[in-house]
Amino acid sequence: KRELWVRSLDADQAQPLGGTEGARAPFWSPDSRSIAYFANGKLFRVEAARGRPQVLCDVRENGGGAWSRDGVILFGGPEGLHRVSAQGGTPELATKIDQKEEAHRWPYFLPDGRHFIFLGDAQTTENHHIRIGSLDSQETQILFSAVTRVAYSPPGYLVYVNQGALVAHPFDAKSMKLTGD
């Protein structure tokens, strides 16, 4: 059966987290004490040290998620990214998809905790984009064309896969711009 397992780096064995059956697309809290995941049309959180899963909200699909240090969770879906408190509640739309897009997926928070990057998913390759957004507005901007997940890596890179190769693209997290090749 599909469920979450956790292993401390100083332990030899992994242990299952009870009650996490059907878990998909897990992601960590910023303090690494909790894990959020999707299962059975819901977003859950569970304490990594053997907590009981807590339902945060209903979801339409598991389009990936990200958890900010301020307790905001973003998750992907066909209407755009949604935001919800890490304590649970009613999700609100955080981004709006463009006409040629079909979903926003795989958000990743940038170091300031307010801005995030994500995949603007579409039916045709040329309409897939890595976008940047902010918790302060539903408006987003295209950074570059790609069909991949993307993550930020200190001291200043966006890391993603391009044509089968792992790429680290210089990125200035203050100006929110790509800075080189």
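Q: Which residue in β4 is the bridge partner of Phe27?
A: Start with the terms. Strands are DSSP runs of E with at least two residues, numbered from the N terminus. Two strands pair if DSSP finds at least two bridges between them. Here Ala36 in β4 is the bridge partner of Phe27. Three bridges join β3 to β4 (residues 34-39), and these strands run antiparallel.

Q: What may I take from the model and its numbering?
A: This is a predicted model: local features need pLDDT of at least 70, side-chain atom pairs count only at pLDDT 80 or more, and totals for chains, interfaces and linings use all residues. Residues are numbered from 1 along each chain as its sequence is written, and side-chain values use heavy atoms, with hydrogens and water left out.

Q: In what order do the four strands of the open sheet stand?
A: The order is β3-β4-β5-β6, with antiparallel pairing. β3 (24-28) and β6 (54-58) stand at the edges; each has a single partner strand, so one side of each lacks a neighbour in the sheet. From one strand to the next, the twist averages 25°. For such angles, axes are lines fitted to C-alpha atoms, and values run from 0 to 180 degrees between N-to-C directions.

Q: How many salt bridges does the structure hold?
A: The criterion is a side-chain nitrogen of Lys or Arg within 4 Å of a carboxyl oxygen of Asp or Glu. The structure holds ten. One of them joins Arg105 and Glu61, with the closest N and O atoms 2.8 Å apart. Arg105 lies in β11 (residues 101-109) and Glu61 in the loop between β6 and β7 (65-67), so the pair ties together parts 44 residues apart in sequence.

Q: Where do Asp98 and Arg131 lie?
A: Their side chains meet in a salt bridge (2.3 Å, N to O). Asp98 is in the loop between β10 (92-93) and β11, and Arg131 is in β13 (residues 129-134), 33 residues apart. Asp98 is partly exposed at 40%, whereas Arg131 is buried at 4%.

Note on methods
Buried means under 20% relative accessible area, exposed over 50%, partly exposed in between (1.4 Å probe, protein chains only).
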